[in-house]
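I opened this entry to keep a record of what I looked up, one topic at a time.

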Amino acid sequence: MGMTMSQKILAKHAGLDKVVAGQLIEAKLDVVMANDITGPMALPIFKQMADKVFDTEKVVLVPDHFMPAKDIKSAQNAKDIREFSHKQCLKNYFEIGQMGIEHALLPEKGIVVAGELIIGADSHTCTYGALGAFSTGVGTTDIATGMAVGELWFKVPAAIKFVLSGKPKKFVSGKDVILHIISLIGVDGALYKSMEFVGEGIKNLSMDDRFTIANMAIEAGAKNGIFEVDDQTIDYIQKHSKKSYEVFKADEDAIYEQVIEIDLGAIRPTVAFPHLPGNGKTIDEVEAMEKIEIDQVVIGSCTNGRIEDLRKAAAILKGHQVNPNVRVIVVPATQKIYLQCVMEGLTEIFVNSGCTFNTPSCGPCMGGHMGVLAAGEKCVSTTNRNFVGRMGHVDSMIYLASPEVAAASAIAGYIANPEKVEVI
Amino acid sequence: MGKVYKYGDNVDTDVIIPARYLNSFDAQELASHAMADIDASFASTVEKGDFIVAGKNFGCGSSREHAPLCLKTAGVQCVIAASFARIFYRNSINIGFPILECEVASKDIEANDNISVDYDTGIITNHTKNKTYQAQPFPPFLQKMIELDGLVNYVKAKKRGQ
Ligand code: SF4
């Protein structure tokens, strides 16, 4: 019996010819990442096991969640990992001014490539699966162990295969695809499993689309999401990284618990209603309902704060004004994307239409700062979680959507269909 | 024996320990906010040895280890659920906090029932209802980790060659 893509990467890193679903293994790690929330908590645990990190290039620390520091405690946490990084001579520590949201930053900086085994103390570490890596979120003790010894225990996951075909229509992007899939299989539909994306439809998804899709694999409960590597992936890796990479394809006779076919051409713009990412409704269903008036729009995050996302949002906002009842918060995910927005004139479009334009940060995504919601407020957000209280008060409501739906809603003042916005 | 706090499906890490408290990783402080956004009275009423019983996908959402840590520190002996989100599952084991999957128990046990668990056999006893349920006990590798109170000691023991 053959292995899935994920199983092959795990087998390779465990030094085994073969692994099967359910098997417990210990495997070597290529990248170990933590942030300003999980990093400081890991340090005292790390110190119980080692004085030095196992590899100064492979341990990556990114202060992005409550950064620039939102309060004194956050500042202290950031200071802890900054000092640790300097003392340990870490090659990949990113200070404000260099940094970005970790899951946009690591691929952009070429730190993660195909075929690697990556752990991050952040659940959306699954994002790097877009590059054909096995990448998964873990907790603090795991990350401290990874930093100390460069290896970790894993239970080999079973997998679901998603065979993508067709081409997404205009105004449909990676976000709609993944919201559609999570609604289809449920928020525990891929629990403990790998979500493996293959099929001829992949070529019609840009790398930014794939990052968005892999990013939200965790929202279906998955251990990892992974895309088959194609020319676009290799092109991306070669443009961003000097690291060597390895391409793993699933065996013909790999065992999948389920095979799900997705016609990308049939997917409509999709909005996930409060309070689960699996509560997806198509924009047509939304339009058939009473208007949902909103107070805030957030365009950014590790899910949708990349350049293509911001280009799409700007294309809709151009020449329009944000509805006077709505606050719009745009957050490019990295410094490079920030600069691209400036150079391409997107910043001008955002500011002219009445949006704020902010320094890279997780910011409002987890209710940290830069846009926390009050009781009863409604927000359309391009982020990945709409749990109770995620962005602020327990009685606030989050609607997850694509940058295009978010931009259209910003203009309308209610959740709106981007197809109906006049292009100016 | 301990009393049961009962919750539904998809109890996520944002309600177990809301992000606004994550600027601290002091276990006691985190424990004082445990379950804040789903059950405001939990932290002030929970007693050492109590249980949480919930539906499926308990602990979904973020990778914050603050979630199992705040429950463990608050005195929760064990969480029993129909299923767990995987990072929560790992994190719990890594800090030596027992969690058990048992669909029948998850359905049958009610709030305020008195229950106990035999961790070697995976048998859950409901003293209020006079019933038992069989959960999957941990594989030996994980039992050892929980016995050693988590991954750190496991790694240390391994380094010492034990
Ligand atoms: S942007 Fe949001 S989901 Fe992404 S890493 Fe930051 S807090 Fe987590």
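Predicted model: local features only at pLDDT ≥ 70, side-chain atom pairs only at ≥ 80, totals over all residues.

**Entry 1. The interface**

I looked up the polar contacts across the interface of chain B and chain A, and the rule finds 21 residue pairs, with both residues at pLDDT 80 or more. On the side of chain B that touches chain A, the elements giving two or more residues are α1 (13-16), α4 (66-74), α5 (86-94), α7 (140-147) and α8 (151-159) of chain B. I sorted the residues of that side by type and got 20 nonpolar, 11 polar and 14 charged.

How many residues does each chain bring to the contact? I found 45 residues from chain B and 50 residues from chain A. I then turned to area, since the size of an interface is often given as the accessible area lost when the parts come together. Chain B and chain A bury about 3800 Å² between them, and 58% of this is on carbon and sulfur atoms. In chain B, the residues that lose the most area to chain A are B:N23, B:R86 and B:R90, which together make up 19% of what that side buries.

**Entry 2. Salt bridges**

Side chains of opposite charge can pair when their charged atoms come close. Across the interface of chain B and chain A the rule finds 6 salt bridges. I looked up two pairs by name. B:R90 and A:D142 meet through their side chains in a salt bridge, at 2.8 Å from N to O. B:K158 forms a salt bridge with A:E26, and the closest N and O atoms are 3.0 Å apart. Why does this pair join two chains? B:K158 lies in helix α8 of chain B and A:E26 lies in strand β1 (residues 24-28) of chain A, so the pair joins two chains.

**Entry 3. Sheets of chain A**

I went on to the strands. Strands of a sheet pair through backbone hydrogen bonds, either parallel or antiparallel.

In chain A, 5 strands form an open sheet in the order β4-β3-β2-β5-β6, and the pairing is parallel. Its edge strands are β4 (92-93) and β6 (134-137) of chain A, each of which pairs on one side only. I checked β3(A) and β4(A), which pair in the parallel sense over 2 bridges. A:V60 stands opposite A:N92 in β4(A).

An open sheet of 4 strands in chain A has the order β10-β9-β8-β11, with parallel pairing. Which strands are at its edges? They are β10 (224-227) and β11 (258-263) of chain A, and each pairs on one side only. The twist averages 20° from one strand to the next. Strand β8 (residues 159-165) of chain A runs parallel to β11(A) and is joined to it by 6 bridges. I noted that A:V163 has A:E261 as its bridge partner in β11(A).

**Entry 4. Backbone details in loops**

I looked up two cis peptide bonds. The bond from A:M67 to A:P68 is cis, with omega near -15°, and A:P68 is found in the loop between β3 (59-62) and α3 (72-87) of chain A. The bond from A:P274 to A:H275 is cis as well, with omega near 0°. A:H275 is found in the loop between β12 (270-272) and β13 (280-282) of chain A.

Last, I checked B:N57, which is not a glycine but has a positive phi of about 60°. B:N57 is found in the loop between β2 (51-54) and α4 of chain B.

Definitions and conventions. Residues numbered from 1 in each chain as written. Chains lettered and ligands numbered in written order. Heavy atoms only, no water. Contact = heavy atoms within 4.5 Å. Buried area = accessible area lost by both parts, 1.4 Å probe. Salt bridge = Lys/Arg side-chain N within 4 Å of Asp/Glu carboxyl O. Polar contact = N/O pair within 3.5 Å; in protein donor to acceptor, adjacent residues only side chain to side chain. Nonpolar A, V, L, I, M, F, W, Y, C, P; charged D, E, K, R; others polar. Pairing = 2+ DSSP bridges. Axes fitted to C-alpha atoms, helices over the stretch in contact; angles between N-to-C directions.
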